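Please open the structure in your viewer and keep the selection tool at hand.

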Amino acid sequence: MEHYADQYIGGGWRPAAGPDTIVVLNPATEQPIATVPAGTAAEVDAAVAAARAAAPGWAASSREERLAALTRLRDGLAAHRAEIAATVTAELGTPAGFADAVQAGTPIAVASAYLDVLADYAFHEKVGNSTVYAEPAGVVAAITPWNYPLHLIVAKVVPALAAGCTVVLKPSEETPLIARLFARIVDGAGLPPGVFNLVTGLGPVVGAALAAHPGVDVVSFTGSTAVGRAIGESAGRGIKKVSLELGGKSASVVLPGADLARAVNVNLANVFANSGQTCTAWTRLLVHRDQYEEALAIAAASAAKYAPGDPADPATRVGPLVSARQRERVRECIDGALADGARLVAGGPGAPEGLERGYYVRPTVLADLPPDARAVQEEIFGPVLVVLPYDDEEHALALANGTEYGLAGAVWAGDEESAAAFARRMETGQVDINGGRFNPLAPFGGWKNSGVGRELGRHGLEEFLQTKSLQF
Ligand code: NAD
């Protein structure tokens, strides 16, 4: 077991300031695999000071210099692909195949997409007698969760650096090892000292100190809506730019005329991916009442293919959840849904057979819940799908829009035009039409309590820019 005792500040690894540590567990074995420093407010001060000192130089760097540095960083991610996937499997429990394809593959694709955005972005434009400049916004606090731990780091750090900002990263305490690997890759890319800094630690200590720090200009947060609210309040007090990527309870709407079997099968793959720990997961499947029983039968048969198992085994599709706490939360949600009258279509409470050790839950499909049931309204963040019947399109729309969230969604229809027309009426940030593919250039973010601001593509870069007009 490794005991790491340093933080990456000012271009090098510095001895940790305090004695406290965070124990990183492997969620499949429940065994400790490493310890990292539980950082202090003093380390946040040092990291912000390093980022501030580096800010003028990095802001003055040319587009070509930033492109060259970020290309080295992207190439470093690609060169470490196997180590990235193995690290995420070890500390998060993501099955090996998905860890390679998505946990390692997506950050490389996102970094490449940002290189394209940076290559073409117009940092100034003429507006009448003015020239309007997009300037680097300053020092960025990046605070990230554990579920896609490297993707969410890259989706903040790379555009911030591309914009000419400097960064202090506070990763999730559940997944600090991938953040340390990222810092090593940044170090290998040869960025100027202080342009990127990492402080591992607890949210209420390091995260709160960073979000409220007077030396921070932009707070970019991804995580739960509850913590997002606190971060938004603290950023508001400091008049900082803030972007909040929060929770979701996204609807997948199957309109009459759609390929029902495909819609249900893809929906299950979507909900059970990453063991259900996906903010954009389509956790509510809406089907016409005439097709409800048929959809449930397809879901029951499909769910049988998602037996949980050892995430290191390449054949495994569903691994454990990240922590004992998360497992208990999800099992309680399933129990609560059954108490609320849910019909169990697949899965259920309790440990999957033969998996008493490890933070496993059974991939679960629930039906017959009223629209106001907690399992229909609240983000569960585990492999749990709720199927709801609707009577007509207006009813489907009311159900789809009937939660506090608006992060993602799906529409399935016989033709793309009617699917798109329905999707345009959904109160949500992105909708996949008939299984449309992830696009790393498309803006990503939430409506309502799913957040403010956007990541990815041009919109993601602009979160880290400030506007200035010169009149002539
Ligand atoms: P979380 O809100 O508990 O933690 C997220 C980060 O915030 C962690 O680094 C944590 O240490 C830090 N934090 C906690 N308390 C803090 C405080 N008081 N001040 C500052 N920072 C603090 O979320 P999580 O459990 O790590 O992640 C799961 C949540 O993230 C889910 O709700 C999920 O939907 C959401 N999520 C959203 C997106 C998106 O893009 N919209 C993507 C992934 C995950």
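**Cavities and a helix pair**

The lining of the largest cavity consists of six nonpolar, five polar and four charged residues (Ala, Val, Leu, Ile, Met, Phe, Trp, Tyr, Cys and Pro count as nonpolar, Asp, Glu, Lys and Arg as charged, and the others, Gly among them, as polar). This is a predicted model, in which local features need pLDDT of at least 70 and side-chain atom pairs count only at pLDDT 80 or more, while totals for chains, interfaces and linings use all residues. Residues are numbered from 1 along each chain as its sequence is written, and side-chain values use heavy atoms, with hydrogens and water left out.

Select Arg 284, Ala 400, Tyr 405, Ala 408 and Thr 428, which lie nearest the centre of the largest cavity among its 15 lining residues. A cavity is a set of points on a 1 Å grid over the protein atoms alone where a 1.4 Å probe fits but cannot get out, and lining residues have an atom within 4 Å of a point. The largest cavity holds about 80 Å³ of space.

Next, select residues 81–92, helix 3, and residues 176–188, helix 6 (helices are DSSP runs of H or I, at least four residues, numbered from the N terminus). They pack at about 160°, with axes 8 Å apart (axes are lines fitted to C-alpha atoms over the stretch in contact, and angles run from 0 to 180 degrees between N-to-C directions). Helix 3 is therefore roughly antiparallel to helix 6 (angles over 145 degrees).

Technical notes. 1 Å grid on protein atoms, 1.4 Å probe; cavity = no way out; pocket = protein on both sides within 12 Å on 5 of 7 lines; lining within 4 Å. Points joined across faces, edges and corners; volume = space filled by probe spheres on them. Helix = DSSP H or I, 4+ residues; strand = E, 2+ residues; numbered from the N terminus. Parallel < 35°, antiparallel > 145°, perpendicular 65-115°, else oblique.
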